[in-house]
Amino acid sequence: MNVSTQLAPEQQLSGSQILIEALKRNGVTDFFGYPGGTIMPVYDALVGSGLKHYLCRHEQGAALAADGYGRVTRKPGVCMATSGPGATNLVTGIANAFMDSVPMVIITGQVPSALQGTDAFQEVDIFGITLPIVKHSYIVREIADIPRIVDEAFQLAQSGRPGPVLIDLPKDISAGTGTWVDAPPPSLPAAPTADVEALKKASEMLSTARRPLVIAGGGIAISDSVEVFREFISRAGLPVTATLKGLGVMPTDDPSFVGMLGMHGNGAANHAVQNCDLLMVVGARFDDRATGHLAQFAQSARVIHLDIDPAEISKLRKADLAIVSELAPALEGIQPENKARPTWVAQCEAWKKEFAWRYDAPGEGIYAPKLLRDMCRVRPDDMIVTCDVGQHQMWVAQHCKFNDPLEHLSSGGLGTMGYGLPAAIGAKVAKPESTVVCVSGDGSIMMNVQELATLNRYGIDVKILLFDNSALGLVRQWQEIFFEGNYSEVHLDDNPDFAGVARAFGIQARSVKEPEEAASAVEWLLNSEGAAMLHVSIDSMENVWPLVPPGKANHRMMKANPVRGK
Amino acid sequence: MNHTLHIQLSSVEGAVIRALGLIERRGFSLVKCSVSELDGAVRDMEVTVSSTRPGDLLKRQLERLHDVFTVELKPVASTQKQQPGIRPVTRRI
């Protein structure tokens, strides 16, 4: 149904009705939010509008659900909240989307224009608060501007390097009346195209390199360039590592893939990076968790940096050759010779063999990495894993198998504990045909545990795999290693009965702690009807290995001691 | 080192503070700043900033802002030591 045809010229509409209409014209069908005082006119116009609103139980949950929705659809996820605390509760979700370049449109209620700047009830300057964490933002001052601003916001959020765009809507605008004013098409800067000479130069550099390596970053998924990238790798015959957000760009089992690099990366990837003589970085930004000590990162390599964002070039590591372009056309234009490099290939293979993950850890309890590996052996083809943040997040990155980057939703830049469950809600709403598994920890799950109510309210079929080590595991690990075992505020021996909590929210749940129970419990989780939680107790002293200590070079990885838990 | 940037930007609400906030946040200390209105829609801003970071990086970061139309970078010789209060270039651990 084309709603726009229902609008008669000069028809008087409320600002909220115009907003809802503008959202629809931008393709919105589902969004996430929480009502309150100043956004009430919009919620009034929502009734009967045909838009599906998901009431999350905390605004942060709504923003992170919009993030999950935006990641898997590559279209802006939409969230909405009232002014004051509603708006400030969105902030973590907005920052999360900003750091990971996720398209998102955020609509906040605001006190009436005449009261702005008077410390009115539930007034905060959310426009000011979010300036550092949005791609752009608006305060609506005229009802007639709403269609233009909404159109621009959606275009900006998903064009170029995507990001969150905030629209602050004073109540006099949302409650006032006016007419629909057609907006001219938004004028946005054209996407950058690669310099032909630079592409030629890249081809030459790759052809003559003796030990080339490619880093696949999150930008490849964001720009929907996975197939072009794989074709490029296959044609050029290059080994590939990936950042956390680049996992799945190459299938985990692909012979050219040497694993994830960085702080908790695979030894093969880190040694390949440190020993390569040419590093081609595609859609990645040299985050410190990926590079380790920057000055010692890939010291003997020249760098080709391909990215759509000119501000990323030479921000941290000087690029010997910069290609600012949409990724796919640039990758198509780089035509290096596929040279045999038997020594380098053999070396990469040897590292892969040497640093292959082991699952024979001593200990009597369930070993989380093994459980994750085994889950991926029986996983359905169409599975999305969302993560919280901590040890379990790193184990997912290390031990799960991904065939596509959109199968792995992880809070990379911001590292937001509490991301997993709302992101899973957003992903499942966007892709109801997929099996969505939220892998969480006993620390993280409590950050947005209220969203269990959202699962139950809408019958959203999310599977929660909860690893419980009765600790804030990654912080505990750092205190063990870097703070001489001086444990401070990391023990969670007083955790609630998580399965009981889930059941109280109407979610079926099971608890397991014996290794022999693990396989059947995972099978139960994946095949259960509707939302379910599998609560898995694990050793509280288990660590994530390897670990590059902060500020050290990537080849200086710490490895597990032979005695597990030390 | 000091850098002077000539910025033309939209006169919409928030554009100036967005640009100034970015400058400080990205590790550049404001030494001098003037803003004037060219016409109803465009403002002209000239800033001198001090930083150990390269000025062309700040230029590219400013150019990303939707409100910013053009940025011109004019290098100037540093005549004084680092401004007090400059944010050091450190990396988080």
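Start by colouring on pLDDT, the predictor's confidence in each residue, from 0 to 100. For chain A the mean pLDDT is 95, and 98% of its residues reach 70 or more. This is a predicted model, in which local features need pLDDT of at least 70 and side-chain atom pairs count only at pLDDT 80 or more, while totals for chains, interfaces and linings use all residues. For finding your way, residues are numbered from 1 along each chain as its sequence is written, with chains lettered from A and ligands numbered from 1 in the order in which they are written.

Now select residues 562-566 of chain A, where pLDDT stays under 50. The model has eight contacts beyond four places in sequence for this stretch (two residues are in contact if their C-beta atoms, placed from the backbone, lie within 7 Å).

**The domains**

Zoom in where 24 residues of domain 1 of chain A are in contact with 27 residues of domain 3 of chain A. On the domain 1 side, β2 (30-33), β3 (52-55), α3 (59-73) and α4 (85-99) of chain A each supply at least two residues. Helices (H or I, at least four residues) and strands (E, at least two) are DSSP runs, numbered from the N terminus. Which element gives the most to this side of domain 1 of chain A? Select α3(A), with 11 residues.

**The sheet**

Then pick out the open sheet of six strands in chain A, ordered β16-β15-β17-β18-β20-β19 with parallel pairing. Two strands pair if DSSP finds at least two bridges between them. At the edges stand β16 (408-409) and β19 (508-512) of chain A, each with a single partner strand, so one side of each has no neighbour in the sheet. Strand β15 (residues 383-387) of chain A is joined to β16(A) by two bridges; show T386(A), and you'll find L409(A) of β16(A) opposite.

**Over to chain B**

Last stop: bring up chain B, where 14 residues are in contact with 15 residues of chain A. Strand β6 (residues 136-139) of chain A gives the most to the chain A side, with three residues.
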